[in-house]
Amino acid sequence: MALDFEFMTPTKIVFGRGSSDKIAELLKEQNSRKTLVVYGGGSVVRSGLLARVLAHMDAAGIGHVELGGVVPNPHLSKVYEGIELGRKEGVDFILAVGGGSTIDTAKAIAYGLAYDGDVWDFYEHTKTAVSCYPVGSILTIAAAGSETSNGSVITNEKTGSKRAFDTEFGRPKFAVMDPELTMTLPDYQTQSGATDIMMHTMERYFTCVDTLDITDSIAEGLMRTVMKHAQILHTDPDNYDSRAELMWSGSLAHNGLTGIGTDGGDWSCHQLEHEMGGMFDVAHGAGLAALWGSWARYVWKEAPQRFVNFAVRVHGIEPSENTEETVLKGIEAQEAFYRSIGMPTSLKELGIAPTDAQKKEMAQRCYAACGGPQGSVKKLDTDDMYQIYCLADH
């Protein structure tokens, strides 16, 4: 029997070519008088996107102040900088122009502006938010799904801790999604984003509880769609239709839809990768790809039918009477997909070589960050986490 659920997706989606030109209209709907515009590196500047956005705001009489320099695995120090700037300038809305790191930073700033204490309290889960400044986004990469999700992930660069915080207060008011804005991305970023989209779906899909057929069907269809269009974009990066498919899939993968009627999913790979990202600053999607196969081989016996379904329904594997054979073919097919789009399937391919002490440290930190055993398919303790890091180091 599927679990009871509540589902809310309040984010307004404005999708298609030229949709960023509607930014002033969207900000007026939110009654913004002064907006903090948060962005990352130079790409939104070089492309002219930031200048166009600010020009639309100027023409509409909407005040603005800018905060640039957000990096992948976004830093807590930039969040603090944004909170200070936002208070000084009296902003009433936070607009992220960029990808998941930029949107997550904007969300953290929005939490901090509405809180008298240290915003890191929320990410350490010693406090919980009761309010949040409104946030909107102009998306420039299909990946994290933060544009419609209730979550954000921030890295405390002083301690190496990468932590998530999820509340409904953090869901953006709107998301502007123009697939053309993603065409300038390097292939590695595109494919790392596609992997993140896949993994947001897979984390929810792999569970030990009963599920709804319709939820499974949506998740399986989404995974097949992402694989198809990621491979197209690997050789045809200017394909608008595939860019659109990937961008919309990113939102659907992380707005909660593919976890309806379940326990929410496993999320062990994400937690394991967060520690790796905090220590080695690797691209999130690539880190997930490097870990997933080792996690799957370690836990599959706890939910064999789930892994059989994945092999048969997502990868088209002909089922065998030998369950293990079918499962392993499915895992191998997923790893083959990662390799086909240039993603790593081991820590060596990812370009890192953690020492045994570092693996143990990551496992200990992961266990502590999770507040105890982690996972739905298999509850992982510290030694389990360490073993998965070891398996991935081949």
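Two strands are taken as paired if DSSP finds at least two bridges between them. I started from β5 and β8, which run parallel and are joined by 4 bridges. The model I am reading is a predicted one.

**Entry: the sheet**

I looked up the strand order. The sheet is open and has 6 strands, in the order β1-β8-β5-β4-β2-β3, with parallel pairing. I then asked which strands stand at the edges. They are β1 (12-15) and β3 (63-67); each has a single partner strand, so one side of each lacks a neighbour in the sheet. From one strand to the next, the twist averages 20°.

I noted for reference that strands of a sheet pair through backbone hydrogen bonds, in either the parallel or the antiparallel sense.

**Entry: bridges around β4 and β5**

I went through the pairings on either side of these two strands. Strand β4 (residues 93-98) pairs with strand β5 (residues 135-139) in the parallel sense, over 5 bridges.

**Entry: burial of β4 and β5**

How many residues of β5 are buried? I count 5 of the 5, so β5 is largely enclosed by the rest of the structure. For β4 the figure is 6 of the 6 residues, so β4 too is largely enclosed by the rest of the structure.

I checked which way the β5 residues point. V135, S137 and L139 point one way, G136 and I138 point the other way, and all are buried. In a regular strand, side chains alternate between the two faces of the sheet.

**Entry: helices across the sheet**

I looked for helices lying across the strands. Helix α5 (residues 100-113) lies across β2 (34-39), β3, β4 and β5, at about 165° to β4. Helix α9 (residues 240-254) lies across β1, β5 and β8 (174-177), and runs at about 175° to β1.

**Entry: helix α8**

I compared the span of helix α8 (residues 213-235) with expectation. Its 23 residues should span 33 Å at 1.5 Å a residue, and its end C-alpha atoms are 34 Å apart, which agrees. I listed its buried residues; among them are T215, D216, L222, M227, H229 and L233. The buried residues of α8 pack against α7 (187-205), α9, α12 (304-314) and α13.

**Entry: Q334**

Is Q334 buried or exposed? Q334 has 0% relative accessibility, so it counts as buried. Q334 belongs to helix α13 (residues 323-340). I set aside the neighbours within four places in sequence and found Q334 in contact with M198, M202, M227, W292, F310 and H315.

In soluble globular proteins, nonpolar side chains tend to be buried together. I looked up the largest nonpolar core here and found 88 residues, with I94, W292, W295 and F307 having the most contacts inside it. Helix α11 (residues 284-299) supplies the largest share of this core, 9 residues.

Neighbours within four places in sequence aside, W295 is in contact with F206, D266, S268, C269, F307, V377, L380 and I388. A second, separate core has 21 residues, including Y39, V53, L95 and V97.

**Entry: cysteines**

I searched the whole structure for disulfides and found 0. A disulfide is a covalent bond between the sulfur atoms of two cysteines. The cut-off applied is a pair of cysteine sulfur atoms within 2.5 Å.

I then took C366 and asked which cysteine sulfur is closest to its own. That sulfur is in C370, 4.2 Å away, which is too far for a bond. Starting from C370, the closest cysteine sulfur is in C366. C366 is buried, with a relative accessible area of 1%.

Notes
Residues numbered from 1 in each chain as written. Predicted model: local features only at pLDDT ≥ 70, side-chain atom pairs only at ≥ 80, totals over all residues. Heavy atoms only, no water. Axes fitted to C-alpha atoms, helices over the stretch in contact; angles between N-to-C directions. Contact = heavy atoms within 4.5 Å. Buried < 20%, exposed > 50% of the residue type's maximum accessible area, 1.4 Å probe, protein only. Core = buried A, V, L, I, M, F, W, Y, C linked by side-chain atoms within 4.5 Å. Expected span 1.5 Å × (residues − 1).
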